[in-house]
Amino acid sequence: MPSASVYNVAMNPPRIAAILASFLFCFTLFSCGGQGDPNNSNAATNASANKEASVVPKTNVEELGMLVNVPYEAEESVWKTDASGKKLIAVLRFSTADSDKLVADSTKFSRPEEVTVQSESWFPDELVAQSDLSGDDTLKGVSYGANLFFQDAYNEGRIVRVTGTNYFVLEMSSK
């Protein structure tokens, strides 16, 4: 015959329900632990997504055209902005005729100047290979004022024609 205490527990459903509820509460409480502040994890996730978005270059010249004026039809484009959205770097390739027009038009805004541009891993393969040959990951070119590209968001910068190519590196920023 069972002892009186076992008998009382077995025959007292409200007590069993309270014990099960306590176990369920403790299980739920401990299974949610260790996640930290959900607001902080969302902020970290959003910051990571924003940083990643700024790292991934884009190739849509129409989307670029919403940020800066693209005065001639680009045959190839790759570009990205920094995380703050205050700087933009684009590599554009134009036809030979449009490249010559762009140089002639840009010369009106500033004197051409020989410069070097730091190559980026996301630049077109031809430019990355050319920068590897230089030994210091730079590209030689001639810099011009980028006034033709100015729009409200980006109103300061330069355009550099990479020597021996129809590629231009556009560096823009917000004032």
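## Strand pairing

Two strands are said to pair if DSSP finds at least two bridges between them. Strands (E, at least two residues) and helices (H or I, at least four residues) are DSSP runs, numbered from the N terminus. The structure described here is a predicted model, in which local features need pLDDT of at least 70, side-chain atom pairs count only at pLDDT 80 or more, and totals for chains, interfaces and linings use all residues. Residues are numbered from 1 along each chain as its sequence is written, and side-chain values use heavy atoms, with hydrogens and water left out.

Strand β4 (residues 138-145) pairs with strand β5 (residues 156-162) in the antiparallel sense, over five bridges. Across this pairing, Y144 stands opposite I159 in β5, and S143 has V160 in β5 as its bridge partner. Strands β5 and β6 also run antiparallel, joined by six bridges; here R158 stands opposite E171 in β6. The hairpin of β5 and β6 has four residues between the strands, and in this hairpin G164 takes a positive phi near 80°.

## The sheet as a whole

Six strands form an open sheet with antiparallel pairing, in the order β1-β2-β6-β5-β4-β3. Its edge strands, β1 (76-81) and β3 (113-118), each pair on one side only. From one strand to the next, the twist averages 30°. Axes are lines fitted to C-alpha atoms, for helices over the stretch in contact, and angles run from 0 to 180 degrees between N-to-C directions.

## Helices across the sheet

Contact means heavy atoms within 4.5 Å. Helix α5 lies across β4, β5 and β6, and runs at about 140° to β5. Helix α6 (residues 125-134) lies across β2, β4, β5 and β6, at about 115° to β4.

## The nonpolar cores

A nonpolar core is a set of buried Ala, Val, Leu, Ile, Met, Phe, Trp, Tyr and Cys residues joined through side-chain atoms within 4.5 Å. Buried means under 20% relative accessible area, exposed over 50%, and partly exposed in between (1.4 Å probe, protein chains only).

The largest nonpolar core has 19 residues, of which L88, F149, L170 and M172 touch the most other members. At least two residues of this core come from each of β2 (87-93), α5 (96-107) and β6 (167-173). Another core, of 12 residues, lies apart from it and includes V91, F123, V160 and Y167.
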